[in-house]
Amino acid sequence: MERVVLVTGASGGVGLALCQRLLEEDGRIHLCIACRNDQKSEATRDLILAAHPAAQVSTVEVDLGNLASVLRVAQELRCRFQRLDFVYLNAGIMPNPHVNFKALWRGLLTGKLLHMLTTAEGVMTQTDRLNGDGLQEVFATNLFGHFILVRQLESLLCGNEKPSRLIWTSSSNARESAFSLSDYQHAKGQESYSSSKYATDLTSVVLNRKFNNQGLYSSVVCPGLVMSNMTYRILPVFLWKLLMPIMWLIRFFAKTYTLTPHNGAEAHVWLFKQKPESLDALVKYHSCTSGLGKNYVEPRKMDVDEETAEKFYQKLLELEKETLEKYSDLLD
Ligand SMILES: NC(=O)C1=CN([C@@H]2O[C@H](COP(=O)(O)OP(=O)(O)OC[C@H]3O[C@@H](n4cnc5c(N)ncnc54)[C@H](OP(=O)(O)O)[C@@H]3O)[C@@H](O)[C@H]2O)C=CC1
Ligand SMILES: CC(C)=CCC[C@@H](C)[C@H]1CC[C@H]2C3=C(CC[C@]12C)[C@@]1(C)CCC(=O)[C@@H](C)[C@@H]1CC3
């Protein structure tokens with residue numbers, strides 16, 4: 001029986017490249033692409049089929065920043081499939097980004113420039129806002145919508161003959177100092193993206209602890225710095241055009257400057273081929289590209305405190321309970 005693979009954020013960037021690369025690895029998979037609306041789904045499906053005419057590609061529509069939409073798509077997936085083998089939790093946003101060029105300059109003087117260029121630590125801030133569910137938009141889209149999706153799909157992910165896999169697109173921008181248990185949605189700070197990605201790392205660690213014995217394994221990856229819609233929105237186009245030659249040069253020093261979505265999907269594809277039992281739940285798998293363009297994967301231990309992870313998970317469960325009460329009419 002063919003493996004069923006669900007990819008969120010499949011309409012562009014890393015998600016679309018991942019879909020194409022997965023079909024190059026195994027043309028027999030059933031690929032289910034999740035996009036925000038049916039025009040995007042159809043356009044994405046057509047693009048994928050143009051390169052892989054014999055592929056089995058189906059579509060679902062979900063807005064991960066809208067809990068009613070997440071509950072509806074989970075119900076639809078439960079009706080359509082008996083099992084999901086891989087779920088790539090890849091959709092993500094970084095709204096209203098602001099780059100602090102002075103910090104980069106200071107980084108140059110203090111010898112921290114390379115670290116800043118690869119993690120954006122101290123370089124980037126964002127302005128977040130509340131979404132229609134009354135949640136912080138970045139937390140809701142990058143993490144909580146995906147968390148609810150996973151929980152609603154438990155019957156398709158747990159207790160199968162073969163293990164099922166969750167693969168979260170996190171980031172090397174995930175930082176403990178941007179995250180706080182008392183403000184886990186990051187309403188008060190200006191690093192909502194970093195906080196949401198750290199929260200993703202914590203969630204994956206706990207999901208492994210809770211679900212490995214039911215045959216569900218979770219991993220986190222960082223695609224490296226990829227030029228995608230998300231990154232292009234950070235600076236004006238003319239500035240990116242000026243910076244591009246420098247970025248290609250930086251690649252000789254910074255292996256996480258993968259730059260293209262194809263390269264960025266390296267760790268995702270590598271994980272597709274690994275036995276889950278051989279993976280380390282406390283490791284993030286980074287896509288890397290050498291100066292000469294060779295792709296490879298680098299495992300790096302994550303900076304996560306397991307006690308904080310457990311406390312955060314309890315908070316996610318409380319928020320989940322409130323959500324399910326609010327939307328009880330959408331549940332079976
Ligand atoms: N680019 C980079 O350098 C890095 C990216 N990442 C992560 O990689 C992932 C993919 O990003 P990337 O490919 O770069 O960026 P893109 O903006 O190209 O892709 C983001 C994808 O997420 C989808 N998406 C956004 N919001 C929602 C939503 N509310 N509901 C459903 N889908 C949504 C987008 O759909 P739509 O087309 O409708 O907008 C799009 O398909 C993200 O999680 C990002 O944080 C991590 C590290 C570095
Ligand atoms: C390359 C030069 C000389 C200037 C570009 C400055 C910034 C625009 C750039 C430096 C570090 C970059 C970076 C990201 C975005 C663009 C930068 C801030 C990310 C935050 C993109 C999303 C991620 O998840 C991170 C892994 C990236 C980290 C580095």
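Strand 9 and strand 10 (residues 295-301) pair in the antiparallel sense, with 7 bridges between them; helices (H or I, at least four residues) and strands (E, at least two) are DSSP runs numbered from the N terminus, and two strands pair if DSSP finds at least two bridges between them. The model is predicted, so that local features need pLDDT of at least 70 and side-chain atom pairs count only at pLDDT 80 or more, while totals for chains, interfaces and linings use all residues. Residues are numbered from 1 along each chain as its sequence is written, chains are lettered from A and ligands numbered from 1 in the order in which they are written, and side-chain values use heavy atoms, with hydrogens and water left out.

- Strand 9 and strand 10 form a hairpin with 5 residues between them, and Gly293 in the turn has a positive phi of about 95°.
- Within this pairing, Cys288 has Tyr296 of strand 10 as its bridge partner.
- Strand 8 (residues 216-222) runs parallel to strand 9 and is joined to it by 3 bridges.
- Cys222 stands opposite His286 in strand 9.
- Strand 9 (residues 283-289) is largely enclosed by the rest of the structure, because 7 of its 7 residues are buried; buried means under 20% relative accessible area, exposed over 50%, and partly exposed in between (1.4 Å probe, protein chains only).
- Both faces of the strand are covered, with Val283, Tyr285, Ser287 and Thr289 buried on one side and Lys284, His286 and Cys288 buried on the other.

**Ser287 within strand 9**

- Ser287 lies in strand 9 and counts as buried because its relative accessibility is 0%.
- Its side chain reaches the backbone oxygen of Gly264 at 2.7 Å; a polar contact is a pair of N or O atoms within 3.5 Å, and within protein one must be able to donate a hydrogen and the other to accept it, with residues adjacent in sequence counting only if both atoms are side-chain atoms.
- The side chain of Ser287 also reaches the backbone nitrogen of Ala267, at 2.9 Å.

**Ligand 1**

- Ligand 1 is surrounded by 30 residues, the closest being Ser11, Arg36, Asn90, Tyr193 and Ser228; a residue is near a molecule or strand if one of its heavy atoms lies within 4 Å of it.
- An oxygen atom of ligand 1 lies 2.8 Å from a polar side-chain atom of Lys40.
- For Ser228, a polar side-chain atom is 2.6 Å from an oxygen atom of ligand 1.
- A polar backbone atom of Gly224 is 3.3 Å from an oxygen atom of the ligand.
- The protein buries 94% of the 890 Å² that ligand 1 exposes when taken alone; accessible areas come from the Shrake-Rupley method with a 1.4 Å probe, and for residues only the protein chains shown count as cover.
- Helix 1 (13-25), helix 8 (192-211) and helix 9 are the elements that give two or more residues to the shell around ligand 1, and helix 9 gives the most, with 3 residues.
- The shell around ligand 1 has 11 nonpolar, 15 polar and 4 charged residues; Ala, Val, Leu, Ile, Met, Phe, Trp, Tyr, Cys and Pro count as nonpolar, Asp, Glu, Lys and Arg as charged, and the others, Gly among them, as polar.

**Ligand 2**

- Around ligand 2 there are 23 residues, of which Leu117, Ser171, Ser172, Tyr193 and Met247 are the closest.
- An N or O atom in the side chain of Ser171 is 2.6 Å from an oxygen atom of ligand 2, and one in the side chain of Tyr193 is 2.7 Å from an oxygen atom of the ligand.
- On its own, ligand 2 has 610 Å² of accessible area, and the protein covers 94% of that.
- Two or more residues of the shell come from each of helix 5 (113-119), helix 9 (229-232) and helix 10 (237-250).
- By class, the shell around ligand 2 has 17 nonpolar and 6 polar residues, and no charged residues.

**Helix 1**

- Helix 1 is mostly covered, with 10 of its 13 residues buried; among them are Val14, Leu18 and Leu22.

**Residues with positive phi**

- Asn96, in the loop between strand 4 (86-89) and strand 5 (97-99), has a phi near 45°, a positive value in a residue other than glycine.
- Asn96 counts as partly exposed because its relative accessibility is 49%.
- Leu259, in the loop between helix 10 and helix 11 (261-264), has a positive phi near 65° and counts as buried at 3% relative accessibility.
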